[in-house]
Structures are given as structure tokens and as C-alpha cells.
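Me: I would like to go through this structure with you, sheets and helix packing included. Could you take my questions one at a time?

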Amino acid sequence: MSRIARRVSAYGTTVFTEINDLSQQYNAINLGQGKPDFDTPPEIVAQAAAALQSGSSNQYAPGNGVPALRKAVADHAARFYGMQIDPMRGVVITNGASEGIFASVVGLVDAGDEVIVIEPYFDLYVPTITMTGATPVYVPLHPPQWTFAPDELRAAFSPKTRALILNTPQNPVGRVFTYDELKLIADLCIEHDVTVISDEVYEHLLFGSAQHIPIATLPGMFERTVTLSSGGKTFSSTGWKIGWAYGHPDTVAGVARARQFITFSVHHSSQEAIAFALNLPGTYFEEFRAMYERKRQLMMEALGRAGLKFFEPEGTYFIMADFSEVFAGTPTEFARYLTKEIGVSAIPPETFYCAEHQHIGKNYIRFAFCKSDALLRAAGERLARLRR
Ligand SMILES: Cc1ncc(COP(=O)(O)O)c(C=O)c1O
């Protein structure tokens, strides 16, 4: 008998591990994983250090999160979106948004239910659904504008649909869904009595005129949405894994019931520091956005010079580039070629699709631009060799 359970036996190594290893082997500039190569702002790190040294946060934190952070999450939702959240019953702190997603699916979806996933998707959604014994149902975004077809979305709903996982701003394509797109999703979820699990970890990574609208703010949606976010992207602290789920107390209760038996509680001192960070003045969020506008510009110039076409991201720190004019082969083959011959690593998106829809992303590769300006310029010089 296999030692490995059937529910995980089909999972291979993640594409991130493969590309990271290859990148290291060939000394490539790694624009694969969405991991900043610069540090968390020092004033936020200082709060974590002070919390560690105070002697009051080296033991288990309260299971649902420290009161200061739960209040900061509620205040942040009021400040940016005008939402009224009960900090004690409507917020749960999680080990990153990742645990928030897992706890939401375990806590709000039953085995045998269907869960709608928009493709290409963040890779942990589907294993989370299948580990729960539910079935993913896929709705693809179509390039080059990365929009969904309303008919395909409508057709994905069935009497078995229990939840829809939404991600806006969207990794990997960089879309920020518009009010009209969200309204269509919301109307269908209301019609079919479906819960939305809304992953909004890139909520502060917006470009140009793009505006982030939490789907929970649409009429009739608050009761049926759990919103997830985390400090990793907004405060360049992906290593801390401080996340949160918030919404109507009745929905959040399902997440909290599952979460208490996954990890019980979350790293204590980091919670105190993220509470401080969420309360930073508006200038922090404006400067953060300006910093990423510049990085996005550097990345777009580099891809343009290399002869790659791309959709200008409206949000996130990712860009999907079409390599069909410079390389003939699959995204994985291109990712290997790019690492070995050009010296830059990026992520092939095959694993962000179900097998049936992989052809939709067949010309694309994902670059992450959460890197220092100097590294992005150096990557640009190497990528220019693609055109030659
Ligand atoms: C769409 C999306 N959701 C969730 C996460 C994970 O967030 P966290 O690090 O807070 O677990 C990521 C990280 O890359 C992501 O891209």
C-alpha cells in the first residue's frame, strides 16, 4: 500500500521550486516567485522587534488574533472601503492569506460541493478544494484583455455550486475587476445562493486609474462573502505570513471554526507589528503605489525592448508576457530556455490551468517585478538578447 494518501498523491513539486532551483543553478535573475528582494520598512520591523523584546508576545497569541490587529483590520476596511466590520466577531487572523483560503474552503464548503475558480488561478486554490472533497469548476479569462465570457461564467453555476473563489487584483494576469464584472459575479452568486471567497492580497497594488472594489461592498454581498488579505504584499513582509479573513460574523464563524484546528494561533509579535502597519498614514500607501508604478514601468520597457507583447497590468506585481514572436515551444520550454540561455527566470502558467484550458495560456509566461530597480534594469539588458 502506498504510504502517501490518494488525496495528495497526484501533487508534484510546485513550479516555483523547479524554477527557483534552475534559476540558482544557472545564476539567473529570478523574476519568478512574487517575493520582494528588498526589505520590510524599518519602522514596521522595529515594532516587531519591540514586541519580541517586551516579553508580552513570545507565547501563544489569542486563537482568533490579537485584539489590536483585529481592530486594525476593521479600521482599515472602514478607512479604505467604508465597510463596518465587527473586530471581535467579524475578523479572524490567519497564517497568511494562504491559511485563510484553506480555512474558508474547509469551513464554508462541504465534500461533494462545487467551487468555481477563475483561471489562470493562484495555485493553492485547487488543491485546497480537492483536499476538502469538493470539485473545482473552471471559468477562463481570455487573453489578451483577460476578461471572462459572461456565458461561460453563467454556465459554471449548477445546483451543486457552493462557493466561488475570486481574486482581484488578479494574480497572474494583473487584472483589477471592474464594477460591472463584479456585479455580474455578484448577481449570479445571489441567484444561486453561493458564497464568495474573495482573495484581495494585492488590494494596495493598483496602477493608473484602476480602483479596487471589494465584492463584499456590492448590494446583497456582505452576508455571503468572506474577504481575505494579508500584510505580505502591502508591507513587503511575505516571510511573516500574517493574514486575515473578515466579513459578516455568521460567515467568518465558519472560517474561525476550521482555522482553530489548523494552526490554533498565529505568530504573536508579527501581529502587533502588522497592526501598527495597517494604521500607517495614507502617505505610506501612496508611496508604496508610486514605487510599484516605477517598477512596472521598468518591467514593461524591458519586455517591450525584448519583443514580448503584454497586457499592461492594472494591479499586482505580475505581468503576463506573450513570447510567441520570439520563441516556438511551450511556456515550460520557454521558461527553461530563458533561464539557461538568457539568464532570467519567470513562471510558466501551465499549473494555473486545468488540463482542458492549458491551451489558453500557451504563449504566456509570468514575470514578477517586486524587485529592486537595479535588478529590473539588469534583467532588461539580458532580455534584450531575445529580440536579437
Ligand atoms: C493571489 C494570492 N493569494 C494569496 C497569496 C498568499 O498570501 P500569503 O503569503 O499571505 O499567504 C498569494 C501569494 O503569492 C497570492 O498571489
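Predicted model: local features only at pLDDT ≥ 70, side-chain atom pairs only at ≥ 80, totals over all residues.

Me: What is the strand order in the open sheet of eight strands?
Reply: The order is E2-E9-E8-E7-E6-E3-E4-E5, and the pairing is mixed. Strands (E, at least two residues) and helices (H or I, at least four) are DSSP runs numbered from the N terminus, and two strands pair if DSSP finds at least two bridges between them.

Me: Which strands are at the edges?
Reply: E2 and E5 (147–148) are the edge strands, each pairing on one side only.

Me: Is strand E2 largely enclosed or open?
Reply: Strand E2 (residues 91–95) is largely enclosed by the rest of the structure, because four of its five residues are buried. Buried means under 20% relative accessible area, exposed over 50%, and partly exposed in between, with a 1.4 Å probe and protein chains only.

Me: How many bridges does E2 form with E9?
Reply: Five bridges join E2 to strand E9 (residues 242–247), in the antiparallel sense. Within this pair, Val92 stands opposite Ala245 of E9.

Me: In which sense do E3 and E6 run, parallel or antiparallel?
Reply: Strand E3 (residues 114–119) and strand E6 (residues 161–167) run parallel and are joined by four bridges. Val117 has Ile165 in E6 as its bridge partner.

Me: Switching to loops: where is Leu205?
Reply: Leu205 sits in the loop between strand E7 (195–199) and strand E8 (225–230). Its relative accessibility is 1%, so Leu205 counts as buried.

Me: Which residues does Leu205 touch?
Reply: Leaving aside residues up to four places away in sequence, Leu205 touches several residues, including Pro169, Lys233, Phe288, Tyr292 and Tyr317. Contact here means heavy atoms within 4.5 Å. Phe288 is 83 residues from Leu205 along the chain, yet their C-alpha atoms are separated by 8.1 Å.

Me: On to helices: at what angle do H4 and H11 pack?
Reply: Helix H4 (residues 67–81) and helix H11 (residues 268–278) pack at about 25 degrees, with their axes 8 Å apart. That makes H4 roughly parallel to H11. Angles under 35 degrees count as roughly parallel, over 145 as roughly antiparallel, 65 to 115 as roughly perpendicular and the rest as oblique. Axes are lines fitted to C-alpha atoms, for helices over the stretch in contact, and angles run from 0 to 180 degrees between N-to-C directions.

Me: And how do H13 and H14 cross?
Reply: Helix H13 (residues 331–342) and helix H14 (residues 373–387) cross at roughly 115 degrees, and their axes come within 10 Å. That makes H13 roughly perpendicular to H14. The residues making the contact are Phe334, Tyr337, Leu338, Glu341 and Ile342 of H13 with Arg382, Leu383, Arg385 and Leu386 of H14.

Me: Last topic: what is the order of the sheet of three strands?
Reply: That open sheet has the order E10-E11-E13, with antiparallel pairing. Strand E10 (309–310) and strand E13 (364–368) each have a single partner strand, so one side of each is left without a neighbour in the sheet. Helix H12 (residues 282–306) lies across E10, E11 and E13, running at about 10 degrees to E11.

Methods: Residues numbered from 1 in each chain as written. Heavy atoms only, no water.
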